[in-house]
Amino acid sequence: MLLRFLDEMRPHLTDLYILGDLFEIWFEYSLVFPKDYFQPLAAFHNILNDGKKIHYVLGNHEITIGNFLSNFGFIVHRGPTVFDIDGRRVLLAHGNTIDKRLWTSFWENLLTSRLNHMLFRLLHPDLGISLAQSIARFSRRQPPSKRLMGMLENYAMRRLNDVDIVILAHSHSPVFKKILPNKYYINAGDWVTHFSYVTIDGDRISLKYFK
Ligand SMILES: [Mn+2]
């Protein structure tokens with residue numbers, strides 16, 4: 001569906017923003033990457049070849065980042081970033097740094113530890129990738145968390161003092177809230193069950209669902 005979506009959007013878009021957790025897991029080896037990632041990367045390559053920009057705001061499934069993604073042509077942002085989009089100040093973030101639940105903080109610490117990265121790198125990629133993917137699959141089967149949605153919304157409300165639009169992800173739950181005539185909190189949802197995305201086209205700001 002993502003391939004079909006990118007293909008259909010390609011003639012219409014100017015800049016594309018990815019809000020993290022694009023791949024089930026991104027662990028950068030020095031020489032290899034998973035076969036499954038080839039087709040989506042090829043679709044993004046076509047968009048880059050059209051001369052369009054793709055911004056990639058990292059999430060918590062991007063475990064280690066080398067130079068592959070930026071050499072590929074993505075503009076990589078390591079944390080929440082404010083963009084000027086059609087004259088509006090738009091804050092884009094994945095949302096994992098706002099997630100203060102105990103369980104996710106535990107995983108966050110485990111997955112950002114340099115020692116663990118070193119040990120993980122010793123595994124054969126076939127083994128390492130399938131291990132990482134089964135953990136990721138487990139985490140995405142968790143039901144949507146109201147508590148997380150609350151944390152994300154509170155953060156957005158605070159940030160709306162200095163920006164016009166806050167767009168987050170991470171909770172897998174699409175949200176579209178017009179707070180004031182020119183202030184929005186949006187959660188882009190996910191591409192696991194909702195296939196949702198956000199468009200900003202001049203004055204039209206929308207949360208849409210790909211069928
Ligand atoms: Mn996430």
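This is a predicted model: local features need pLDDT of at least 70, side-chain atom pairs count only at pLDDT 80 or more; totals for chains, interfaces and linings use all residues.
Which residue in E8 stands opposite Val90? Ile165 stands there. The legends below place this pair in its setting.

Residue numbers start from 1 along each chain, as its sequence is written.

**View 1**

Helices (H or I, at least four residues) and strands (E, at least two) are DSSP runs, numbered from the N terminus. Along the principal axes, the C-alpha atoms fill a box of roughly 55 × 40 × 30 Å. Of the 211 residues, 26% are buried. A residue is buried if 20 or more other C-beta atoms lie within 10 Å of its own, exposed if 12 or fewer, and partly exposed in between, with C-beta atoms placed from the backbone. Among contacts with a separation of 6 or more, 59% join residues 24 or more positions apart. Contact here requires C-beta atoms, placed from the backbone, within 7 Å.

**View 1. Helix H1 meets helix H2.**

Two packed helices are described by the angle between their axes and the distance between the axes. The axes of H1 (residues 2–9) and H2 (residues 38–49) come within 10 Å and cross at roughly 5°. That makes H1 roughly parallel to H2. Angles under 35 degrees count as roughly parallel, over 145 as roughly antiparallel, 65 to 115 as roughly perpendicular and the rest as oblique. Axes are lines fitted to C-alpha atoms, for helices over the stretch in contact, and angles run from 0 to 180 degrees between N-to-C directions. H1 contributes Leu2, Leu3, Leu6 and Asp7, while H2 contributes Gln39, Pro40, Ala43 and Ile47. These contact residues divide into 6 nonpolar, 1 polar and 1 charged. Ala, Val, Leu, Ile, Met, Phe, Trp, Tyr, Cys and Pro count as nonpolar, Asp, Glu, Lys and Arg as charged, and the others, Gly among them, as polar.

**View 2. Five strands form an open, mixed sheet.**

The strand order is E6-E7-E8-E10-E9. Two strands pair if DSSP finds at least two bridges between them. E6 (81–85) and E9 (175–180) stand at the edges, each with a single partner strand, so one side of each is left without a neighbour in the sheet. Neighbouring strands are turned by 20° against each other on average, direction ignored. E7 (residues 88–92) and E8 (residues 165–168) run parallel, joined by 3 bridges.

**View 3. E6 and E7 form a hairpin.**

The two strands run antiparallel and share 5 bridges. Thr81 has Leu92 as its bridge partner, and Ile85 stands opposite Arg88. Between the strands lie 2 residues. In the turn, Asp86 has a positive phi of about 50°.

**View 4. Two histidines sit in the loop between E8 and E9.**

Most residues other than glycine have a negative phi, and most peptide bonds are trans. Phi of His170 is positive, near 70°. Phi of His172 is positive too, near 65°. His170 is buried, with 26 other C-beta atoms within 10 Å. His172 also counts as buried, with 22 C-beta neighbours inside 10 Å.

**View 5. Three strands form an open parallel sheet.**

The order is E1-E3-E5. E1 (15–18) and E5 (75–77) are the edge strands, and each pairs on one side only. The twist averages 20° from one strand to the next. E3 (residues 53–57) runs parallel to E5, with 3 bridges joining them.

**View 6. E11 and E12 form a second hairpin view.**

E11 (residues 196–201) and E12 (residues 204–209) run antiparallel, joined by 6 bridges. Tyr197 stands opposite Lys208 in E12. The hairpin has 2 residues between its strands. Gly202, in the turn, has a positive phi of about 60°.

How values were computed
Two residues are in contact if their C-beta atoms, placed from the backbone, lie within 7 Å.
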